[in-house]
Amino acid sequence: AIGTLNVANGAVTSMGYGSGGAGTINAGQSVPVAGVYLEMPSGSSGVVLMGLGSLNGASGDCSGVLILLKNGNPLAYIDVFVPGNTWFTYNISAFDSNPAGNNLYQLAFASPTSGPGSNKPINHKGAAIIATGGKR
């Protein structure tokens, strides 16, 4: 279970977790695969995000992208090599320095539209996103 740290009867952290299922991302497509809402007060110190999941090239080796989003806008991304003959687990992290409000943080997987190994379908499973915010 995820808990909240309290000091002097006031919460100083806020934590959230979201998980996703399994599926296939079509060639050239970007799909949110896990998400979590986290509400933070004004003046918060920030939110640390970590996303992870397993990918496999549906039609052989290819390229993929992991993206962390805040309310639909990219915070961070990483390009990865995705093997076609086995599953690899990838992770990505980011820091949101302006987290005031009720925000939707998401992990998305994408099949890039250009570059080596682009425009190929990608299988995914085991996606998760973790958000930990400092309220002071």
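**View 1. The surface and overall make-up of the protein chain.** In this predicted model, the protein chain exposes about 6,700 Å², and carbon and sulfur atoms supply 51% of that area. Of the 136 residues in the protein chain, 44% are buried. The C-alpha atoms fill a box of roughly 55 × 25 × 15 Å when the box is taken along the principal axes. The secondary structure comes to eleven strands and zero helices, and when contacts between residues at least 6 apart in sequence are considered, 75% of them join residues at least 24 apart.

**View 2. An open sheet of four strands.** The strands of this sheet follow the order E5-E10-E7-E8, and their pairing is antiparallel. Strand E5 (30-40) and strand E8 (73-82) stand at the edges, and because each has a single partner strand, one side of each is left without a neighbour in the sheet. From one strand to the next, the twist averages 15 degrees. Strands of a sheet pair through backbone hydrogen bonds, in either a parallel or an antiparallel manner.

**View 3. The pairing of strand E7 with strand E10.** Strand E7, which covers residues 62-70, pairs with strand E10, which covers residues 101-110, in the antiparallel sense over six bridges. Within this part of the sheet, Leu69 stands opposite Gln106 in E10.

View 4. Ser14 has its place in strand E3, which comprises residues 13-19. With a relative accessible area of 12%, Ser14 falls under the 20% limit and is therefore buried. Not counting residues up to four places away in sequence, Ser14 touches Leu38, Glu39 and Met40, and also Ala131, Thr132, Gly133 and Lys135.

**View 5. The aromatic pair of Phe88 and Tyr90.** The count of aromatic pairs comes to one. This pair is formed by Phe88 and Tyr90, whose rings are 6.2 Å apart from centre to centre, with 35 degrees between the planes, and the pair is tilted. Phe88 is partly exposed, with a relative accessible area of 41%, whereas Tyr90 is buried, with a relative accessible area of 11%.

**View 6. Lys125 and the ring of Trp87.** Here the side chain of a lysine is shown together with an aromatic ring: Lys125 lies over the face of Trp87, at 4.4 Å from the ring centre.

Technical notes
Residues are numbered from 1 along each chain as its sequence is written. This is a predicted model: local features need pLDDT of at least 70, side-chain atom pairs count only at pLDDT 80 or more; totals for chains, interfaces and linings use all residues. Side-chain values use heavy atoms; hydrogens and water are left out. Helices (H or I, at least four residues) and strands (E, at least two) are DSSP runs, numbered from the N terminus. Buried means under 20% relative accessible area, exposed over 50%, partly exposed in between (1.4 Å probe, protein chains only). Contact means heavy atoms within 4.5 Å. Rings of Phe, Tyr and Trp (its six-membered ring) pair if their centres lie within 6.5 Å; planes under 30 degrees apart count as stacked, over 60 as edge-to-face and the rest as tilted. A charge sits over a ring if NZ of Lys or CZ of Arg is within 6 Å of the ring centre and within 35 degrees of the ring normal. Two strands pair if DSSP finds at least two bridges between them. Axes are lines fitted to C-alpha atoms, for helices over the stretch in contact, and angles run from 0 to 180 degrees between N-to-C directions. Accessible areas come from the Shrake-Rupley method with a 1.4 Å probe; for residues, only the protein chains shown count as cover.
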